Amino acid sequence: MINQRVLIACLCCVAISTISADHLWTTGSQRGVVLIWTPPSDVPIPQRYTIRRAVAGSGQWIEVGTVERKPLDSTLARYAVEAHRRQDAYSMLVRLLMKNASTVAPMLGTYFEDTTTTPLTEYDYQIWADAIFVTERQNVVSHQRLPPPPPEGIAVRQRAHCIELWWNLDSTLVWGITAYAVYRSESG
């Protein structure tokens with residue numbers, strides 16, 4: 001009986017160490033905490049994730065929600081199917097996630113907003129796929145909104161009836177931004 005328990009414990013350790021997300025981004029939002037993570041690279045993309053939370057350092061985990069993968073458009077579906085078998089497909093999937101996280105993460109089921117937090121409290125988060133641990137983040141402060149970084153590399157192009165503007169941002173910070181206000185001055 002003891003040997004069987006040791007074997008089960010070892011198998012659990014192997015399962016935990018073989019599946020992992022490369023990144024988990026968290027930020028305090030006006031409503032609580034937003035989490036976005038990359039899917040695991042070494043197994044098929046899970047259909048469902050469970051999010052667990054504990055007050056920072058307490059180790060008392062509670063389930064705060066689940067998210068499911070939505071139907072994927074053809075391009076995203078192609079990369080998602082091949083992601084665990086081909087590194088280039090996984091890399092492209094992560095690039096698409098970084099480029100447009102607010103759209104891609106909910107489709108992949110890798111987006112969660114925890115609105116049940118207490119303002120300015122630190123929490124630890126864990127992401128699970130069924131009974132398999134995926135990733136975690138510690139000491140996340142809820143209800144805290146940091147201002148976005150200023151745009152860099154602003155470029156302008158004159159068109160016949162308009163002026164086009166575009167800019168760059170650090171892709172790891174872009175996902176919290178939902179809109180921009182653009183101002184124009186006629187006298188400098």
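By salt bridge I mean a side-chain nitrogen of Lys or Arg within 4 Å of a carboxyl oxygen of Asp or Glu. Arg-31 lies in the loop between strand E1 (24–28) and strand E2 (33–37), while Glu-113 belongs to strand E5 (residues 111–114), so the pair ties together parts that are 82 residues apart in sequence.

Before going on, a word on what we are looking at. This is a predicted model, where local features need pLDDT of at least 70 and side-chain atom pairs count only at pLDDT 80 or more, while totals for chains, interfaces and linings use all residues. Residues are numbered from 1 along each chain as its sequence is written, and side-chain values use heavy atoms, with hydrogens and water left out.

Back to our pair. Is Arg-31 buried or exposed? Arg-31 is exposed, at a relative accessible area of 52%, and Glu-113 is partly exposed, at 23%. The cut-offs here are under 20% relative accessible area for buried, over 50% for exposed, and partly exposed in between, using a 1.4 Å probe and protein chains only.

How many salt bridges does the structure hold? There are six. Another of them joins Arg-53 and Asp-114, with the closest N and O atoms 2.7 Å apart. This pair also links distant parts of the chain: Arg-53 is in strand E3 (residues 48–55) and Asp-114 in strand E5, 61 residues apart. Here both partners are covered: Arg-53 is buried, with a relative accessible area of 9%, and Asp-114 counts as buried at 1%.

Next, please find Glu-82 and Arg-86, whose side chains form a salt bridge of 3.8 Å, N to O. Salt bridges that share partners join Glu-82, Arg-86 and Asp-88 into one network. Glu-82 is partly exposed at 21% relative accessibility, and Arg-86 is partly exposed too, at 37%.

Now to the sheets. Two strands count as paired if DSSP finds at least two bridges between them. Four bridges join E2 to E5, and Leu-35 has Phe-112 in E5 as its bridge partner.

A second open sheet has four strands in the order E4-E3-E6-E7, again with antiparallel pairing. Which strands stand at its edges? They are strand E4 (62–68) and strand E7 (132–141), each with a single partner strand, so one side of each is left without a neighbour. Strand E6 (residues 122–129) pairs with E7 over seven bridges; in E7, Val-141 is the bridge partner of Glu-122.

Let's look at rings for a moment. The whole structure has three aromatic pairs. One of them is Trp-37 with Tyr-49, edge-to-face, at 5.3 Å centre to centre and 80° between the planes. Rings of Phe, Tyr and Trp (its six-membered ring) pair if their centres lie within 6.5 Å; planes under 30 degrees apart are stacked, over 60 edge-to-face, and the rest tilted. Trp-37 sits in strand E2 and Tyr-49 in strand E3, twelve residues apart, and both residues are buried.

Last stop: strand E8 (residues 152–158) and strand E9 (residues 163–168), an antiparallel pair with five bridges. E8 and E9 form a hairpin with four residues between them, and Arg-157 has Glu-164 in E9 as its bridge partner. Ile-163 of strand E9 is exposed, with a relative accessible area of 51%. That brings us back to where we began, with Arg-31, which is exposed at 52%.

Conventions:
Helix = DSSP H or I, 4+ residues; strand = E, 2+ residues; numbered from the N terminus.
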